[in-house]
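Hello,

Here is the structure I said I would pass on. Please have a look at it first, then read my notes below.

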Amino acid sequence: MSVTQLPDPLLVSLNTPAAPARPRRRRRDGRWAAVLVLPNMAMFTVFIVVPVLGGLYLSFTSWDITNGLPKWIGLTNYRQMFHDPAVWQASETTLKYIAFGVIPTMIISLWLAMLINFRFRFYTLVRSLYLIPAAMSFAASAVVWRYIFQDGPGYGILDFVISKFGVSNPPDWLASTTWALPALDIITIWLSLPIATILYLAALQRIPDSVIEASTLDGCGPVRRIRYIIWPGVRYMTPLVAIVALLSFTNGSFDLVNILTKGDPIGSTQTLIYYIYFESFGLGFWGYAAALSILQIVIIAGILLILRGLSSLVNRW
Amino acid sequence: MVISPRVTRRIRIVTAVIVGLVMSAPLLYMLAGSLMSNSQLSVQPPQYIPNSLHFGNYPAAFHGQTQVIQLRSFVNSVVFTVGAVGLQWALCISGGLVIAKMRFRSRGLITVLFAISLFIPLITTLIPTFVVTYKLGIINTYEGLILPIAAQTGFGSLLFRQYIKQLPEELFDAARIDGANWWLMLRRLVIPLARPATAAYLAISVLTAWNMYLWPLVAAEGGSLQVLTQTLANAGTSSLGQVTPQNVIYASVVIVTLPMIIVFLAVQPAFIRGLAGSGVD
């Protein structure tokens with residue numbers, strides 16, 4: 001079986017390997033390439049490249065529900081953004097939501113992958129229990145989790161369960177400024193875990209069982225086993241897990257916020273993505289929302305750069 | 001104290017099962033809740049096992065005062081998913097072949113564009129995308145629902161590129177000697193050989209399309225093109241308090257999610273291969 005692998009976009013963009021040098025006369029496929037790639041590129045251009053460039057242009061214009069056409073105003077939107085306290089709060093909320101979501105996703109998924117990385121009867125069935133949330137949409141999860149988080153004294157099932165573990169004063173979750181964002185994180189982590197677990201499981205299964213067994217026989221405790229055998233085996237996968245989790249936290253957050261909290265209570269769950277939607281489709285400030293979108297893209301790019309830096313660090317460690 | 005390997009193994013299995021049950025608990029609870037009576041759902045402390053099976057919650061989700069799901073939105077979801085994924089597959093497999101095996105000048109550029117597009121969330125280009133779709137006159141039509149999503153070819157093209165790249169060059173040379181052009185090679189060679197990649201691609205993108213919420217929300221403002229994710233999002237959130245009973249809402253979520261769970265279980269190996277490469281089982 002040949003290998004299909006999730007394209008690692010960092011690798012793709014940074015070192016697209018040239019076609020291997022071939023001894024014979026260089027063939028050129030220009031015309032056929034144009035024919036075959038044309039439908040793809042045409043659609044991609046119309047619905048992705050044009051909107052991205054158009055959005056960049058709009059970010060320098062004043063265009064809202066009161067005026068008909070975008071009017072060039074230079075950097076005004078960006079200046080306004082800088083002085084808009086809601087932008088700062090939304091950026092902070094976004095970063096918190098991502099940090100408290102992506103990092104636990106990575107740690108828990110590695111732990112889950114280690115839990116099921118061995119053969120037993122009904123292995124496939126048990127693995128399905130871990131992976132099945134991947135089939136569920138953010139929208140459907142939001143509906144179910146709304147009941148799980150439900151407030152009121154001892155009302156929601158989650159509060160009931162944690163009270164069994166001795167927590168006498170369970171949080172109000174979605175109604176609380178402190179707990180609403182963690183609640184959204186919990187849902188997103190739950191939805192991101194299956195794919196992250198699959199990725200780590202793939203890496204773990206490349207470590208031969210004999211190596212792990214030998215280390216156990218040599219009296220290697222769990223901490224050292226993780227440090228010297230598991231981690232070196234899975235660290236190459238870690239940047240990809242981080243990226244996939246990051247994407248689910250940026251793309252999916254809108255659905256949850258829009259369905260569950262609309263940014264409330266008191267703006268505590270207003271992520272930048274939701275703020276963009278609110279400014280554009282809620283208030284009709286399209287030019288300003290375009291500038292916010294550029295900020296969002298810059299933030300993602302920044303996180304990716306940090307991840308690249310971290311991943312080269314991690315690979316040396 | 002020495003624990004025998006057999007006992008360790010038992011402990012590992014039991015732990016794996018218990019943690020798996022915790023991970024799928026929200027789904028299992030939803031399933032249980034969809035079969036409970038509403039009075040059982042409001043009992044304190046909460047119960048997990050239905051004391052009698054109320055299958056009536058399922059038809060109740062489709063009609064009457066408790067209706068959550070219109071048949072029309074079910075049809076819309078199917079049309080949207082099949083249309084967007086089918087069209088996108090055709091674009092991606094041909095695009096993937098082009099950037100994997102063909103030699104021309106702007107190949108690197110196209111590949112990089114695809115990669116960059118993965119990191120630009122739809123929300124950040126939502127207004128311009130809406131404007132383009134609007135200018136094409138296809139807002140509130142199936143075309144307007146499908147085309148902008150089918151155009152997100154970055155992920156699929158890169159996935160097919162990855163797979164097609166490692167098909168042996170000799171196959172293509174042989175086909176060329178037999179006089180085949182690239183179109184024939186795509187149809188007779190690449191599409192059949194890339195079947196595992198297609199399976200992986202379908203597994204991932206069918207889930208994505210079925211579960212998509214944002215674009216349909218914007219492109220089908222009129223209502224008749226609503227898809228299931230919107231239907232669910234609106235369920236039980238009436239400003240007058242919850243009108244739809246909780247058990248019917250659970251049943252609706254099960255109805256909407258079940259097709260994907262079935263798809264997921266059926267294609268699980270392909271899904272895993274698509275994400276993580278082969279050799280995983």
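Chain B of this predicted model is divided into two domains: domain 1 covers 5–65 and domain 2 covers 69–234. Their C-alpha centres are 36 Å apart.

Helix 5 (residues 71–101) and helix 11 (residues 182–193) have axes that come within 11 Å and cross at roughly 95 degrees. Angles of 65 to 115 degrees count as roughly perpendicular, so helix 5 and helix 11 of chain B are described that way. Where they touch, helix 5 supplies B:I93, B:S94 and B:L97, while helix 11 supplies B:L186, B:V190 and B:I191. By class, the residues of this contact are 5 nonpolar, 1 polar and no charged.

Next, the two chains. In chain B, 91 residues are in contact with 87 residues of chain A. On the chain B side, helix 15 (residues 246–276) gives the most, with 15 residues. That side of chain B has 61 nonpolar, 27 polar and 3 charged residues.

Last, the core. The largest nonpolar core has 175 residues, and those with the most contacts inside it are A:L199, A:Y200, A:V241 and B:V253. Helix 8 (residues 180–204) of chain A gives the most to this core, with 18 residues. Domain 1 and domain 2 of chain B both give residues to the core, so it lies between them.

To look at one of these residues, take A:V241: beyond its neighbours within four places in sequence, A:V241 is in contact with A:M106, A:S109, A:A196, A:L199 and A:Y200.

Regards

Technical notes: Residues are numbered from 1 along each chain as its sequence is written. Chains are lettered from A and ligands numbered from 1 in the order in which they are written. This is a predicted model: local features need pLDDT of at least 70, side-chain atom pairs count only at pLDDT 80 or more; totals for chains, interfaces and linings use all residues. Domain bounds come from an automatic or database domain assignment. Axes are lines fitted to C-alpha atoms, for helices over the stretch in contact, and angles run from 0 to 180 degrees between N-to-C directions. Helices (H or I, at least four residues) and strands (E, at least two) are DSSP runs, numbered from the N terminus. Angles under 35 degrees count as roughly parallel, over 145 as roughly antiparallel, 65 to 115 as roughly perpendicular and the rest as oblique. Two residues are in contact if their C-beta atoms, placed from the backbone, lie within 7 Å. Ala, Val, Leu, Ile, Met, Phe, Trp, Tyr, Cys and Pro count as nonpolar, Asp, Glu, Lys and Arg as charged, and the others, Gly among them, as polar. A nonpolar core is a set of buried Ala, Val, Leu, Ile, Met, Phe, Trp, Tyr and Cys residues joined through C-beta atoms within 7 Å. A residue is buried if 20 or more other C-beta atoms lie within 10 Å of its own, exposed if 12 or fewer, and partly exposed in between; C-beta atoms are placed from the backbone.
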